[in-house]
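Good morning, and thank you for making time for this presentation. I would ask you to keep the structure in view while I go through its fold, its aromatic pairs and a few individual residues.

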Amino acid sequence: MVCPRCIDLIRKELDNFGIAVKDVRLGEVTLFTPLLDVEINQIKVRFLELGFELLDDASGIMVEQIKRKIIEYVEAKDAQAMNLSDYVSSATTLGYARMARLFTKHTQLTIEKYYILYRIEKVKELISYGELSLEQIAQQLHYKEVSHMSKQFKKIVGLSPSVYRKNQRFERKYIDHIIT
């Protein structure tokens with residue numbers, strides 16, 4: 001789940017199954033009572049039809065928690081006071097090295113590469129709004145220099161941010177497609 005509409009849809013679908021939901025947050029559902037295996041299988045089928053994957057293995061859940069922490073880190077105004085590895089490590093009791101191996105095994109990306117790719121998607125988003133200068137975008141996303149942001153952007157997108165802005169063909173990836 002990557003947006004409030006996704007959360008609403010998940011809540012509605014679980015309600016259609018007659019399942020009492022305690023809480024639905026980005027990437028996580030908390031229920032009042034455990035589900036039967038048959039209910040889990042029915043939900044898995046329905047969620048796959050809707051484009052969602054039901055994670056029920058511990059390592060998959062951990063990878064989603066790491067992704068959520070990376071997204072929080074990019075979106076938070078004050079998170080940058082802490083380095084990425086410390087911030088992500090606060091999501092779990094696992095050490096960072098073990099977490100990083102698990103993340104790479106599941107995504108074929110390092111945590112740092114995922115962070116960079118997500119950050120560049122955020123740059124694309126902010127450029128597409130047309131409200132901020134490149135300097136303001138760099139500052140908002142905690143780049144020390146606009147030139148650093150521009151180099152990363154060009155390396156990943158193939159265009160400089162200014163050329164991307166001029167083209168006005170804002171091709172962005174969905175959050176859950178960053179690794180593809």
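Helices here are DSSP runs of H or I with at least four residues, strands are runs of E with at least two, and both are numbered from the N terminus. On that basis the chain has 9 helices and 2 strands. Their order along the sequence is α-β-β-α-α-α-α-α-α-α-α.

Let me state the ground rules. This is a predicted model, in which local features need pLDDT of at least 70 and side-chain atom pairs count only at pLDDT 80 or more, while totals for chains, interfaces and linings use all residues. Residues are numbered from 1 along each chain as its sequence is written, and side-chain values use heavy atoms, with hydrogens and water left out.

As for confidence, pLDDT is the predictor's confidence in each residue, from 0 to 100. The mean for the chain is 86, and 90% of its residues reach 70 or more. Confidence is lowest in strand β2 (residues 28-31), with a mean of 86, and highest in helix α8 (residues 146-157), at 96.

Turning to overall dimensions, the C-alpha trace spans about 55 × 35 × 30 Å along its principal axes. Of the 180 residues in the chain, 34% are buried; buried means under 20% relative accessible area, exposed means over 50%, and partly exposed lies in between, with a 1.4 Å probe and protein chains only. A contact means heavy atoms within 4.5 Å. Among contacts between residues at least 6 apart in sequence, 51% join residues at least 24 apart.

I now come to the aromatic residues. Rings of Phe, Tyr and Trp (its six-membered ring) pair if their centres lie within 6.5 Å; planes under 30 degrees apart count as stacked, over 60 as edge-to-face, and the rest as tilted. The structure holds 5 such pairs. One of them is tilted and joins tyrosine 73 to tyrosine 87, at 5.1 Å centre to centre and 50 degrees between the planes. Tyrosine 73 belongs to helix α3 (residues 58-75) and tyrosine 87 to helix α4 (residues 84-89), 14 residues apart. Both tyrosine 73 and tyrosine 87 are buried.

Phenylalanine 103 and tyrosine 114 make an edge-to-face pair, at 5.6 Å centre to centre with 75 degrees between the planes. Phenylalanine 103 lies in helix α5 (residues 96-107) and tyrosine 114 in helix α6 (residues 111-129), so this pair ties together parts that are 11 residues apart in sequence. Phenylalanine 103 is buried at 0% relative accessible area, and tyrosine 114 is buried at 1%.

Next, a charged residue. Is glutamate 13 buried or exposed? Glutamate 13, in helix α1 (residues 4-16), counts as buried because its relative accessibility is 7%. Leaving aside residues up to four places away in sequence, glutamate 13 touches Arg46, Phe47 and Leu50.

Finally, the backbone. Most residues other than glycine have a negative phi. Glutamine 108 has a positive phi, near 65 degrees, and lies in the loop between α5 and α6. The relative accessible area of glutamine 108 is 61%, so this residue is exposed. Histidine 142 also has a positive phi, of about 65 degrees, although it is not a glycine. Histidine 142 is in the loop between α7 (134-140) and α8, and is partly exposed at 26% relative accessible area.
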